[in-house]
Amino acid sequence: MKEKKIFDALTFIREEYIEEARTTRLKKQAMDWKKWMAIAACTVIVIGASGALLLKNFFPFGGNTGSGGSGHGDSSTFMSYAGPVFPLTLSEPDNTITAARNIRYDFSLPNEESIRVWGASVKDSYTLTNSSSEAKSMEAIYPFAGSFNGLQKLIPAINVNGKEVLPTLYAGGYSKKFTGARGKKDPAAAFNILQLDSWESYKSLLEDGGYQSNAFAPYPVLSQQVTVYTFTDFKVPAEYDAATQAISFTIDPAKTTVLLYGFNGVEIGDDGFRRYSYFVPNGVRRDSNLKLLIVIGDDITDYTLQGYKNGACERGNELEGVSATVTRQERVLSDVISELIDHFFDEHDYGNSLDVSKEMFLGAVSEFMVQYGLLSEPVLDRYQYAMMEEIISEVYNRKRVFYLKFEVEIPAGGSASVTAGMHKNPSFDFVCSGSDNEGIQGYDMVTRLGSNLLFDALTAELTSTDRIEIVRQNYGFNLLQGITRVELDPAEEHYFLEIRPIEQKRK
């Protein structure tokens, strides 16, 4: 039998933890769990898409040009890109409304115990003027870059006319960019995954307006009936620390789709053969005790359970004394995924760190599965093995654009003020990478990307600059000459500021 075996060993380590590890006591948030998958008979490949991207990031491309101080030049390509500050927009364009914008970066230290600048407090302020003879009730939208992971730290606080409002939060989807109509010969060529690693990548994502429109669309509801096989009551000989159990069967891939949770190994045969395996929980390894096999479509029929001495599910490596109880249930897919999300966050020590409603995150996972997972057409190679832990983790950690929607009343012939205040993480290069940009922090702002407002004035300012020096920029600041407030050209679509903290001893 010609088979494909996937063994994928990968540890998820968020890139911001790498930088902050120099000065911050680590919290138990990075994932320690590993995934195992496989490819091609007699061949083992240890690689993963996330790992490949991480390696790519460690070899940046694009030069750093321009002088420091008040000089102009090209912005840097950072290994970790935090995303730009976006402009305010309206849900519906209105040519009687004009806007003046001021963006202020404050480089105060985070607290009295700090000796190192990391990130900036940003105040993005707007004066909206109504030139018509009628009062306007406007629905305003404020976009910001982030992820579900750490959202609470990044979400802007919105003030309208000096009073804080509670906007409605919407999450943009995965960074999929369509490149043309899907074709039967090469459907995968119809879209590609945008790596949001530069302001230009955000421009490509947002400029046609489709991403924002989709963010306000209802999430798909996975209401289909599925068959769930749950594995419990595990037994294994104590002397085999890596004992494995596998379930094997044959399906018609056109009629049956299988999702996994708590499994480690996948074998896929060209004739519909499937073998899914997991390390049997023994109370020593950090293995999930929840093992689910979720069947969508035609149910599996006969299946075989077999124990093995380790993860190599091969003839001659069988092990007696491995067993589990398998329970079959018919359930609604969305209910199953909701329970898996709860288990995932408990299992991987995220605890209560989900900063949005459970309904929103479930919707985002459902949307992801419809667009990329085994419920999509075509299925991206990275997700064809349908390990739900990987999908939940991807949804939680992947960069995206969020939107805050709120009401603004603008009197006839008058104005209203809107302010978005936030902590903005910097773009940076990793410590010990050998990069020329090591220790430099980058901050980007876009002037009109995704906005339908007419800007007639644009200014920027810096405060609390005694602990920073400017390395590159195109704003026109000059700290030596005391120029910390500048007028900008609204027609310039991108402004950047790159600074280096000046290390000072705590007094």
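Mentor: Let us start with a rule: two strands count as paired if DSSP finds at least two bridges between them. Keep in mind that this is a predicted model.

Trainee: How do you know that β12 pairs with strand β17?

Mentor: Five bridges join β12 to β17, residues 304-308, and the two run antiparallel. The rule asks for at least two bridges, so β12 and β17 count as a pair.

Trainee: What makes β12 and β15 a pair?

Mentor: β12 and β15 share seven bridges, again in the antiparallel sense. At least two are needed, so this pair also passes. T244 turns up here too, with F279 as its bridge partner in β15.

Trainee: Why is β12 called mostly covered?

Mentor: Strand β12 spans residues 244-250, and six of its seven residues are buried.

Trainee: What makes β14 and β15 a hairpin?

Mentor: Three residues lie between β14 and β15, and four bridges join the two strands, which run antiparallel. Within this pairing, E267 has R275 as its partner in β15. In the turn, G272 has a positive phi of about 95°.

Trainee: Which residues of β14 point one way, and which the other?

Mentor: G265, E267 and G269 point one way, while V266 and I268 point the other way. In a regular strand, side chains alternate between the two faces of the sheet. In β14, residues 265-269, five of five residues are buried.

Trainee: How do you know that Y278 is buried?

Mentor: The relative accessible area of Y278 is 1%. The cut-off for buried is under 20%, so Y278 qualifies.

Now to the rings.

Trainee: Why is the pair of F231 and F263 called edge-to-face?

Mentor: A ring pair is described by the distance of the centres and the angle of the planes. For F231 and F263 the centres are 5.6 Å apart and the planes stand at 80°. Centres must lie within 6.5 Å and planes over 60 degrees apart count as edge-to-face, so both conditions hold for F231 and F263.

Trainee: What makes this a link between distant parts of the chain?

Mentor: F231 sits in strand β11, and F263 in the loop between β13 and β14, 32 residues apart. Both F231 and F263 are buried.

Trainee: How do you know that F234 and Y278 are edge-to-face?

Mentor: F234 and Y278 are 5.8 Å apart centre to centre, with 75° between the planes.

Trainee: Why is helix α8 called largely enclosed?

Mentor: Helix α8 covers residues 388-397, and ten of ten residues are buried, so the rest of the structure largely encloses it. Among the buried residues are M388, I391, I392 and Y396.

Trainee: What makes L151 a buried residue?

Mentor: L151 has a relative accessible area of 1%, and the limit for buried is under 20%, so the label applies. L151 lies in helix α3. Leaving aside neighbours within four places in sequence, L151 is in contact with F144, L169, D355, V356 and F402. The C-alpha atoms of L151 and L354 are 8.2 Å apart, although 203 residues separate them along the chain.

Trainee: What makes β21 and β23 edge strands?

Mentor: Their open sheet of three strands has the order β21-β25-β23, with antiparallel pairing. β21 and β23 each pair on one side only. Neighbouring strands of this sheet are turned by 25° against each other on average, direction ignored. β21 and β25 pair over six bridges, and G442 has E498 as its bridge partner in β25.

Technical notes:
Residues numbered from 1 in each chain as written. Predicted model: local features only at pLDDT ≥ 70, side-chain atom pairs only at ≥ 80, totals over all residues. Heavy atoms only, no water. Axes fitted to C-alpha atoms, helices over the stretch in contact; angles between N-to-C directions. Buried < 20%, exposed > 50% of the residue type's maximum accessible area, 1.4 Å probe, protein only. Phe/Tyr/Trp six-rings, centres within 6.5 Å; stacked < 30°, edge-to-face > 60°. Contact = heavy atoms within 4.5 Å.
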